[in-house]
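Let's take a walk through this protein, one stop at a time. Have the sequence and the structure open side by side as you read.

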Amino acid sequence: MNHESVPGIHPTVDTDCSKENNGDPVHLEQDTSFHENIQKTPIWNENMFFGQVCASCTHEMQNVLAIIRESSGLLEDLFAFAGPKDWAHLEKFNRSLQGIQNQVSRGVELMKRLNRFAHAPDLKWIKTDAWVHAELMVFMCQRFAEMKQVVLELEARSKTDEAGHHLYTDPLQLQMLYYLGIRACLETMDEGGHLTLTLEGRDELLITYFTVKPVSSEMPNLAISLKGVSEWPIFMKILQQMKSRVDFDPVQNAILLYLKFPNTESVQDTVAESS
């Protein structure tokens with residue numbers, strides 16, 4: 001089967017060293033079935049070019065990481081079987097191997113998320129799970145939060161919440177909204193604060209809360225603070241393109257991002273116009 005032609009399925013690499021693969025990467029099918037394709041034919045653009053090149057590189061990097069993990073695991077097994085037990089540097093050697101394994105695991109997770117991000121431009125209008133995209137952007141923005149010494153998190157959801165988090169939209173625009181919203185909020189925060197994203201399905205709306213909790217008891221005016229942030233005008237421009245709106249909750253010190261649930265027919269009309 002040619003996986004490239006199957007919407008929602010892309011080849012990836014399993015780096016589990018317990019598999020007997022003689023050092024060769026094991027290819028599996030990566031299920032991205034949280035997308036329900038409305039647009040069947042990709043529309044080529046610059047974003048797709050960037051995404052496809054990036055996705056190809058992440059697959060190759062997964063191969064590299066698989067070989068590093070396999071090789072370090074082999075070294076550990078060989079030394080445990082035949083190495084000197086009284087070697088003065090044995091503890092340091094084992095710590096180094098464990099460090100390699102830990103960093104490979106970290107790299108695999110990064111590549112997995114980057115690969116998912118790279119596939120966002122594949123189809124412009126699909127039914128998708130907004131919580132999955134929010135989780136991806138929270139993960140991608142952790143470095144910026146750490147630089148600000150701010151805790152960034154996405155509130156967990158229950159199974160009953162899941163259905164209310166699906167909507168018809170452009171995945172790339174949705175990810176840009178979450179990314180810019182996070183970056184804008186971080187710019188207003190001081191070290192020690194908390195930024196939490198929460199998703200709530202309500203009637204025909206999906207509401208995303210960006211809740212800012214400063215370390216001090218004094219609550220800044222988020223609506224005023226954001227006006228001086230460079231990401232905010234871009235955030236508002238994308239919001240207008242998606243025909244959605246934003247509001248502020250001064251009590252919780254939160255941005256409320258309202259995303260509409262378009263019906264299937266209106267989405268297909270939009271796809272036809274963009275074609």
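Is H194 buried, exposed or partly exposed? Keep in mind as you look that this is a predicted model. H194 is partly exposed, because its relative accessible area is 33%, which falls between the 20% and 50% cut-offs. You'll find H194 in strand 7, the stretch covering residues 194-202.

Stay with H194 for a moment and look at what surrounds it. Leaving aside residues up to four places away in sequence, H194 touches V150, V151, E153, M189, T211, V212 and K213. Pick out V151 from that group: H194 and V151 are 43 residues apart along the chain, yet their C-alpha atoms are separated by 4.7 Å.

K243 isn't a glycine either, and it has a positive phi of about 55 degrees. Where is K243 found? It's in the loop between helix 8 (231-241) and strand 9 (245-249). K243 counts as exposed because its relative accessible area is 64%, and the cut-off for that label is over 50%.

Now step back and take in the whole chain. It has nine helices and ten strands. Of the 275 residues, 41% are buried. The accessible surface comes to about 15700 Å², and carbon and sulfur atoms account for 55% of that. If you consider contacts between residues at least 6 apart in sequence, 71% of them join residues at least 24 apart.

T128 and T169 are 41 residues apart along the chain, while the distance between their C-alpha atoms is 7.2 Å. For another pair, go to S216 and G193, which are 23 residues apart in sequence and 8.3 Å apart in space, C-alpha to C-alpha. S216 is in the loop between strand 8 (205-213) and helix 7 (222-225). With a relative accessible area of 41%, S216 is partly exposed.

Next come the helices. Two packed helices are described by the angle between their axes and the distance between the axes. Begin with helix 1 (residues 46-82) and helix 2 (residues 90-118), which pack at about 160 degrees with their axes 9 Å apart. That angle makes helix 1 roughly antiparallel to helix 2, as the label applies to angles over 145 degrees. Their crossing is left-handed.

Move on to helix 6 (residues 171-187), which packs against helix 3 (residues 130-140) at an angle of about 45 degrees, again with the axes 9 Å apart. Helix 3 and helix 6 are therefore oblique to each other, and they cross in a right-handed way. On the helix 3 side, the residues that meet helix 6 are A130, H133, A134, L136, M137 and V138. Their partners in helix 6 are P171, L174, Q175, Y178, Y179 and I182.

Helix 6 also packs against helix 8, this time at about 150 degrees with the axes 9 Å apart. So helix 6 and helix 8 are roughly antiparallel, and their crossing is left-handed. Here helix 6 contributes Q173, M176, L177, L180, G181, R183, A184 and E187. Those residues meet E231, W232, I234, F235, I238, L239 and Q241 in helix 8.

One last stop, for the cysteines. A disulfide is a covalent bond between the sulfur atoms of two cysteines. How many disulfides does the model have? The count comes to zero, with sulfur atoms within 2.5 Å as the test. As for where you'd look for cysteines, C141 is buried at 0% relative accessible area, and C185 is also buried, with 0% relative accessibility.

How values were computed
Residues numbered from 1 in each chain as written. Predicted model: local features only at pLDDT ≥ 70, side-chain atom pairs only at ≥ 80, totals over all residues. Heavy atoms only, no water. Helix = DSSP H or I, 4+ residues; strand = E, 2+ residues; numbered from the N terminus. Buried < 20%, exposed > 50% of the residue type's maximum accessible area, 1.4 Å probe, protein only. Contact = heavy atoms within 4.5 Å. Areas by Shrake-Rupley, 256 points an atom, 1.4 Å probe, with all protein chains shown as cover. Axes fitted to C-alpha atoms, helices over the stretch in contact; angles between N-to-C directions. Parallel < 35°, antiparallel > 145°, perpendicular 65-115°, else oblique. Left-handed = near helix turned anticlockwise from the far one by under 90°.
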